Each structure stands twice: as C-alpha cells, then as structure tokens.
Amino acid sequence: MTRTVKIGAATAFFNDSRMGIGQLLEKAERLDYIIFDFLAESVMGGLGRGMANGSGQGFAADFVNGYILPHLTVLLDRRIRIVANAGGLNPPACAEALRRGAEAAGLKVRIGVVEGDTLTYRAGEIIGADTHDMFDGSSVLEKVEAADHINALVAYTGAFPIAAALAAGADIVITGRAVDSAMALGPLIHEFGWGPDDFDLLAAGTLAGHLLECSAQVTGGTFTDWRDVPDWAGIGMPIGECSADGGLVITKPEGTGGLVTVGTVSEQLLYEVSDPQRYYVADVICDFTDVRLEQIGPDRVSVSGARGLGRTSTYKASITYDAGWRATALIPLIGLESAAKAQRLGKEMFARTGAMLRQIQLPPYTQTRCDVIGGEGPGATTAICRLVADHPDQAGAALLVREQSSGISHMSVGISLSLNAAVRPVQRIAGFLVPKSLVSQTVTVDSANVPFVSKTNAAGKEQDASAPALPALPDDADPKQTVPLIRLAWARSGDKGNLFNVAVIARKPEYLAYIAATLTPEVIGKYYGRQLSAGRILPVERFSVPGLSALNFVVGDSMDGGVLASTSIDPVAKGMAQLLLDFPIPISDGLLD
C-alpha cells in the first residue's frame, strides 16, 4: 500500500474546541502534521510596529496560549507535529514563550526554530537605486526615503530549513516569513526525501501547501455556490493526503460542515495566482496549467499534474512602512433620499475640515474618499456615509474624526450616531526581489544548532514552456441569447500588491470557449475601469489554464496602492469576482441542455 502523509491545516481565526486545531484533533482519524499560516504583509507590518513601540514582541502571541498549549498533551501523545510561521519577526521569542508554557504544564516538547528571513536592520544595504517594485516598477528606494518609519523587511524563504528541523527531531517548528506553502512542503521533503532538484515533486508539494494554507477556503469557504455549502458555523478544516510521488487528495474530517468539490478546490488553486505557468516560490517555479482535479468520492478531490520548471536565484522580499495617517468614519443616515443626503454629507464634511486645516496652518489632505453604502432602490431608507481622509500628520487626520460628529446637528436631517470613527497610521507595502546570497538562514532545535547548508540558493535551470493556447472560439454564439457568467462558471479573486487576479473556472469544459470569446483582456480592463477607476481602462493579462478549463485575469494598477494603503471598501479584492458574475455571456442554442 502506498504510504501517505496526512497534513491538516488549522486556520488562525479559530482556536476553540470546535473549530481549527480542536476540530482536527477531535474529528480527524489520523494526522501526521498540522500546519498554520499566520502571516500576511499587513500582519508583518503590525508586528514590526508593535516591536518598535513596545506593545508587542514581534510574533503571533495567540499561537502559544490560544492554539498550542491547550492541545499540547494530545499533540504529543498522538505524535502530531506542528509547523507554523507564527514566529513573525521574532521566532526565538515565540519558541521561548512556548517552551515556558510547556514547562509550566509539566510537558517536554522539542521546538525547532528557523530564522534569518528578517532583514529590517539591513534595509539600507539591500535597497538601492536599482530596486524596483515587482508589481508596478516604481522605485522602492524613493518610497522608503519618504516613509515615516520602516516596520518590517522580510524575505519569503523556503521549505528545506523546515525539513532540517524536523529531521533533527523537532515536535514543533516555528518560522518567520517563510512562503505560506512551505508549511506543508517542508514536512513532505522530510518524509519523502525529496531533493532540491526534484522540481516536479517540489511543485506538487507546493501545490498541496497552497491549497491547504488558506484553510477552510478550500472546503467551501467563500465558494461561488455559497447556498450549496452546509454548516458555515462548523465548516471542516482541510486535510491533504500526500504521497511520495506527488499525489494529493484534498478532504476534510467526516461529520464537519462545508464541502470539498472540484469547484471549491479549483477556486482555491488559482486564488492570488498571477501567471499559473510561472508561480514563483523560494524552492521551485511551478506550472499549474495542466493540473487535473477529479471528484473521487464525497468530499474527496484528487489533484495531479503540477510541474516544476526550475528555480530562481532570488527571494521575493516585502517591506512595510508607515506613511502618514488615515481617518475613517461610518455615519448612518435614515429616511427619504438617504443616499443623496450621504453624498452631500461627505462633500460638506471634507469642505468644512479642509477649511479648518488651512486655518490652523496644516497641509491639506493627501487624499479623500466618500462611499455611499445603500439608500437606493424601492423601499430603501438607510444609507451609510463612509468617509476616508489621509493626512501627513496625526493631528490633521484626527480633525475629521472629531468634526464628523457635528453632522448630527449641523448638517443633514436623519443623521444618527457614527458607527465608527478612528485614526490609524497608513501602512504601505512594496515587493521586490533580493538575491538569495544576501539571506543567511539558521536552524536550531532546543537552541542547539542544526547543520544546514542551503542547496537552493543557486538557480536551477528554468525550463522552456510554451504558454497554453486559448480554446478555439465558438462560431455558433448567439448575441441575442445570453446568460450571466455565474451560470457557466465559478470565480474567485484576490489582491497581490497593486493588482488583483480573477480566476474564472468553467463548470463544464464545453462552456470555456464561450466565456473566452466574451471575456477578453480589453473587455475586462474596461469593465473594472468603470467599477474602480472612473472609466480608465485598466491593464489586463489573460492566462489560459486548460487543466482546470479556466481563465485567469490579472488586473494591474487597480488596488489604490495595495491592501494597507487602499481607501477602497474592498482593499483585498475579495469582491472583484463577484462583480463579474452577472456579466452576460452569449451562448449557443442548447448549450445548457
């Protein structure tokens, strides 16, 4: 019988007895590993700010007390090992907190630590005049020189140091900003002995990690067909059954909510992916264009066909920095014409506070935004006025928060108490490439050094691969016979820097040609330009993914500076695919029969 390694993914959003790690321990028959992905660019910046002002220690503190210590006895008894990037900017401190907690409980646990990815103190050495943002080509040096404060600079490192810690006997491995998918790839390298040049296997393991790391998003969370997903409250955590040949089955514990289908796995597979044929991670360049999914049983989907095309000599690096202050306010308006009143409220409030800034000799706002939520349509009587204003000084931003409350007596009838009003630092992100030779990693287990020499710093020869062709366009589409896109496809979107991707996956292969005929890059650029940029045509790349019968669109210059800087109501682009689902697609007579 082929040996499989079972890896469960516990979300960092739940830590009670029913959800997350508690659910996996209670309901999964057997697990070898449980992995956690705690980090995102916004998290890294917050951890860095906390270290700077003394409010935090630079790691995910809830990992120790909320996720691991309550379950540590069971984990050790069942020999389930943990891999987590909860170390953030300070993995040794996270390990020490866990060690103290275990000792207080009378437990002995071997803790591995991988560090070396934090480069904040070397920002001046690493960022030069030729360092450019990988998403928009702008100068990273100019951004940093204008910043108020650098919060974090990290490299996205790989899986082999994790494997080394496991090989040295670690029960729990804590990393910093390792690639999300490395949480699963590291255990697979250790278990199956995969080498640094086993590119196809490393790509398969990376795909396993990519599908698992977002936890319940592969088991029905945020699925297009949301009505088909049972029991959101008890949604099942995903489990990957992984084989030495790269085989993978995605499933979940029996008796839990959610579902695992070709649709849920397809959506997660293309989530936050730009070019599916060139998905770059620290250890391998992945080609996902010919990945095949098969429903092999209830809540069981087989995944195969990932290819590895080599390896680069660079890591992705990400720097987060503070650049001014942001005020936000949510003000409800109730009654007739509430949307029109909300629109005027925003205009008048910015005029009032703008005049006050001039009076106290502060510079003007650097940008403002007013969103009106609701208040239109038959019977609508409530709208929310969402105000956003950025200012170089905290006092300037605080002025809007203070003055917005005056609207209840000085401006529109129907204004009620604000739902929220706050000031926070504006945090920005830049992503760029850094030579692996500049990053030196260390591995320890129980503070003892583990000999480790990276064999993936040198580039592995990148294989040539022709871009997959688009499907042949149909000649029988009837422009008078259209259906909304949702009848033909699932869709998922997500942000990455100053762009987002929208994956459109045909429900049946024969639908894809009709979708491709209509959703051209030009059409998508105009569509999202109307939605996001007052009619400006946005740059769009379209990629074919024939294995999934899918198209992947990458919409550039669209995220208002990225997730931390964006004033948008959807700074993570979760809703961009939803906006597209009612797009009319001409089809042929009888296609849906």
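**Notebook: two helix pairs**

Helices here are DSSP runs of H or I with at least four residues, numbered from the N terminus.

A note to myself on the source: this is a predicted model, where local features need pLDDT of at least 70, side-chain atom pairs count only at pLDDT 80 or more, and totals for chains, interfaces and linings use all residues. Residues are numbered from 1 along each chain as its sequence is written, and side-chain values use heavy atoms, without hydrogens and water.

Next I looked up the geometry of this pair. H9 (residues 182–192) packs against H10 (residues 199–213) at an angle of about 140°, and their axes are 7 Å apart. Axes are lines fitted to C-alpha atoms over the stretch in contact, and angles run from 0 to 180 degrees between N-to-C directions. H9 is therefore oblique to H10 (under 35 degrees is roughly parallel, over 145 roughly antiparallel, 65 to 115 roughly perpendicular, the rest oblique).

Which residues make the contact? I found Ala-184, Leu-185, Leu-188 and Ile-189 on H9, with Leu-202, Gly-205, Thr-206 and Gly-209 on H10; contact means heavy atoms within 4.5 Å.

Then I turned to H3 (residues 61–68) and H5 (residues 91–104), which pack at about 30° with axes 9 Å apart. H3 and H5 are therefore roughly parallel to each other. Their crossing is right-handed. Phe-63, Val-64 and Ile-68 of H3 meet Cys-94, Ala-97 and Leu-98 of H5 in the contact.

How values were computed:
A crossing is left-handed if the near helix is turned anticlockwise from the far one by less than a right angle, and right-handed if clockwise.
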